[in-house]
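Take the chain one element at a time. Keep the coordinates open as you read.

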Amino acid sequence: MSEEISVADAYSKGRTKFMGLELLIAPGALVPRPETELLGTTALDVLSQMNLPAPRVIDMCCGAGNLACAIAHYAPTARVWASDLTDGCVEVARRNVAHHGMADRVSVLQGDLFSAFSGLALDGTIDMIVCNPPYISEKRLDGDRAHLTELEPREAFAAGPYGLSIHMRVIKDAPRYLRCGGILLFEVGLGQDRQVISLLERSKTYETIRAVTNEAGEGRVVVGHTTLQA
């Protein structure tokens, strides 16, 4: 119930905080969650280690644009392309980009995953892809997690029979856009880290695969590097 109340409260205020940034929110886009800050801080740590003069980043399934805006804010030379499927998410994400004066470095596009970038000639040029996809199974959304869709869009949560359908599609299509040695980072649901690591391993396109744990020791972010061999 507390989660429902906080979501309702955030929508009533029309804004929330994420990684220290004020973000505008509205029904039609998921309210950014504190647990997603682990994905944002991990991405920034990895970018720092990569030490690139102007990193090129994709925020896939961008929702309200929280990760795109946070990465652009804390990595001020980064160029970010964000995408989502629904009108509600794209509208709110674009409002947040404008709110933070980032329109020259952050583009928000609409489409089904990577189809949003068709015609932009991004193939093989991206240093990092961050993705906080839907990761709850349809069965759970109709059962013990049904309350999630009372206030927020079902599309923000639903991910097929096992909660991994979007992870699987992104793992398959990301290498087209990542340069050799580029990095893919996912948020995963509780207990999904081993499954997503296995998916990355089975694709034979990624190496140095690892989970990043939260303060409770739970793996909530998975990182994989595209293989350096062309």
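Which residue follows helix 7? Lys-204 does, and its phi is positive, near 60°. Helices here are DSSP runs of H or I with at least four residues, strands are E runs with at least two, and both are numbered from the N terminus.

First, the ground rules. Residues are numbered from 1 along each chain as its sequence is written. This is a predicted model, in which local features need pLDDT of at least 70, side-chain atom pairs count only at pLDDT 80 or more, and totals for chains, interfaces and linings use all residues; side-chain values use heavy atoms, with hydrogens and water left out.

The pLDDT is the predictor's confidence in each residue, on a scale from 0 to 100. Its mean over the chain is 86, and 83% of the residues reach 70 or more. Residues 1–5 have a pLDDT below 50, and this stretch has 6 contacts in the model beyond near neighbours in sequence. Residues 158–162 also have a pLDDT below 50, with 16 contacts beyond near neighbours in sequence. A contact means heavy atoms within 4.5 Å. Where pLDDT is low, the predicted coordinates should not be read in detail.

Now the overall picture. The chain holds 7 helices and 9 strands. Of its 230 residues, 54% are buried. Buried means under 20% relative accessible area, exposed means over 50%, and partly exposed lies in between (1.4 Å probe, protein chains only). Among contacts with a separation of 6 or more, 68% join residues 24 or more positions apart.

Return to helix 7, which spans residues 193–203. Its buried residues are Asp-193, Val-196, Ile-197, Leu-199 and Leu-200. An α-helix has 3.6 residues a turn, so residues three or four places apart point the same way. On the other side of helix 7, Arg-194 and Arg-202 are exposed.

What does the buried face pack against? The buried residues of helix 7 meet helix 6, strand 7 (178–187), strand 8 (206–213) and strand 9 (219–226). Strand 9 is itself mostly covered, with 7 of its 8 residues buried. Strand 9 runs antiparallel to strand 7, joined by 5 bridges. Strand 9 also pairs with strand 8 in the antiparallel sense, over 6 bridges. Two strands pair if DSSP finds at least two bridges between them. Val-221 of strand 9 is the bridge partner of Glu-187, and Val-221 is also the bridge partner of Val-212. Strands 8 and 9 form a hairpin with 5 residues between them. In that turn, Gly-217 has a positive phi of about 85°.

Gln-192 is buried, at a relative accessible area of 7%. Its side chain reaches the backbone nitrogen of Gly-189 at 2.7 Å. A polar contact is a pair of N or O atoms within 3.5 Å; within protein, one must be able to donate a hydrogen and the other to accept it, and residues adjacent in sequence count only if both atoms are side-chain atoms.

Last, the charges. How many salt bridges does a search of the whole structure find? It finds 7. A salt bridge puts a side-chain nitrogen of Lys or Arg within 4 Å of a carboxyl oxygen of Asp or Glu.

Helix 6 takes part in two of them. Asp-112 pairs with Arg-169, the closest N and O atoms being 3.0 Å apart. Asp-112 lies in the loop between strand 5 (106–110) and strand 6 (126–131), and Arg-169 in helix 6 (residues 165–177), so the pair ties together parts 57 residues apart in sequence. Asp-112 is partly exposed at 36%, and Arg-169 is partly exposed at 34%. Arg-176 pairs with Asp-123, with closest N and O atoms 2.7 Å apart. Arg-176 is in helix 6 and Asp-123 in the loop between strand 5 and strand 6, 53 residues apart. Arg-176 is exposed at 53%, whereas Asp-123 is partly exposed at 38%.

Asp-9 and Lys-13 have their closest N and O atoms 3.3 Å apart. Both lie in helix 1 (residues 2–13), 4 residues apart, about one turn of the helix. Asp-9 is partly exposed at 35%, and Lys-13 is exposed at 56%.
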